[in-house]
Amino acid sequence: MSEKDRKIRVAISIGDYNGIGIEVILKTLQEKEMTEFFTPVIFGSTKLLSFQKDRLNFDKINFQGIQDVNQIVDGKINVVNLWKDQIDIHFGKVTKEAGEHAYQSLKAAAQSVTDGFTDVLVTAPINKDNIQSEEFHFPGHTEYLGEVWGGNPLMFLVSEKLRVGLVTQHIPVHKIAESISQESVYAKIQQIYKSLVEDYAISKPKIAVLGLNPHAGDNGLLGSEEKEIIQPVIQRCINDDQLVYGPYSADSFFNPSNLDVFDAVLAMYHDQGLVAFKTISFDEGVNYTAGLKFVRTSPDHGVAYDIAGKGIANEESFKEAIFSAIELHKNRLEYQELTKNVLQSTPLKLERGEN
């Protein structure tokens with residue numbers, strides 16, 4: 001079977017196994033029909049997954065244990081054995097070992113996409129503290145993948161109801177204002193615009209931009225960033241014939257009438273965008289890292305130590321992350337094909353015109 005004809009292969013990193021990552025992976029894959037749509041490739045170990053499979057009584061799940069990505073079997077749940085030792089799981093606990101294994105899983109999964117053995121990456125949640133090491137010194141997945149895959153990563157939270165991008169991501173609150181500039185706001189708008197066109201097939205996107213300060217600065221009374229930074233950038237985009245509007249006050253923006261009008265929203269900082277997003281789209285929300293060479297998605301929740309090992313984690317966001325990754329990958333391929341055909345056909349059209 002040629003690479004073009006085979007099912008899309010989804011690389012899955014297991015995250016922190018003391019959290020709910022493996023549980024939501026298994027709950028998603030327990031539906032037999034899932035492997036009819038794609039080929040899962042989990043990076044961890046069969047021992048580790050079998051332990052949680054037995055704990056959750058998922059008798060119908062069967063793994064295809066492999067030692068290397070060149071042994072992937074399409075239509076099966078592949079588990080790449082990165083380590084052979086028995087793993088001690090401590091649900092709800094933060095351990096150094098879990099962080100080390102989470103990084104090994106992420107590194108191998110991302111590399112498999114780079115090398116073309118898999119097509120997209122879906123990541124289970126990590127603990128951003130215990131994964132830190134000499135090799136991994138990033139605030140999260142987004143920044144790490146920006147380095148190993150190249151590009152300018154954009155944290156893009158997406159669902160059927162809402163898409164939210166962020167100017168600043170994982171930084172302390174006291175550093176937010178100094179990290180916002182005309183250059184950074186403009187760059188994020190362009191990343192969102194490009195993603196909406198290429199990844200979501202929206203030919204003329206409408207983007208809303210939030211203000212930084214309460215009431216979007218209240219005409220300068222509550223802050224100058226809107227007048228000095230955000231408004232000039234919006235005008236620049238309008239001059240470029242892009243449908244960009246704002247700045248809007250974040251406390252009143254997220255209502256149905258606005259959400260129906262805009263294709264995406266740019267928030268200035270993490271909680272400004274994510275509080276609203278997770279309230280509106282929590283069970284179905286997906287974190288998509290736009291702006292990279294390859295597609296990576298994840299559920300919009302964390303490790304959830306408080307419910308780890310109890311069998312009550314909701315897998316809907318992880319399931320949506322998988323199907324979103326597949327759809328985004330297909331949309332990108334279609335966009336590339338369409339734009340390639342346009343470029344190829346241009347000389348022919350010119351020749352006909354001359355005749």
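Q: How much space lies in the largest pocket?
A: About 470 Å³. Bear in mind that this is a predicted model.

Q: Which residues lie nearest its centre?
A: Leu292, Lys293, Phe294, Arg332 and Gln336. The lining of the largest pocket has 23 residues in total.

Q: And which elements give two or more residues to that lining?
A: α7 (182-198), β11 (286-292) and α12 (316-354).

Q: How do the lining residues divide into nonpolar, polar and charged?
A: There are 7 nonpolar, 9 polar and 7 charged residues.

Q: Which domains does the lining draw at least three residues from?
A: Domain 1 (1-152 + 286-335) and domain 2 (161-283) each supply at least three.

Q: Back to α7. How do the axes of α7 and α8 cross?
A: At roughly 40 degrees, and they come within 9 Å. Helix α8 covers residues 225-239.

Q: Why are they called oblique?
A: Angles under 35 degrees would count as roughly parallel, and 65 to 115 as roughly perpendicular. The α7 and α8 axes cross at roughly 40 degrees, so the two helices are oblique to each other.

Q: Is that crossing left-handed or right-handed?
A: α7 passes α8 in a right-handed crossing.

Q: Where is alanine 201 found?
A: In the loop between α7 and β8 (206-210).

Q: Is the peptide bond from glycine 246 to proline 247 cis or trans?
A: That bond is cis, with omega near -5 degrees. Proline 247 lies in strand β9, residues 243-248.

Notes:
Residues numbered from 1 in each chain as written. Predicted model: local features only at pLDDT ≥ 70, side-chain atom pairs only at ≥ 80, totals over all residues. Heavy atoms only, no water. 1 Å grid on protein atoms, 1.4 Å probe; cavity = no way out; pocket = protein on both sides within 12 Å on 5 of 7 lines; lining within 4 Å. Points joined across faces, edges and corners; volume = space filled by probe spheres on them. Helix = DSSP H or I, 4+ residues; strand = E, 2+ residues; numbered from the N terminus. Nonpolar A, V, L, I, M, F, W, Y, C, P; charged D, E, K, R; others polar. Domains from an automatic or database assignment. Axes fitted to C-alpha atoms, helices over the stretch in contact; angles between N-to-C directions. Parallel < 35°, antiparallel > 145°, perpendicular 65-115°, else oblique. Left-handed = near helix turned anticlockwise from the far one by under 90°.
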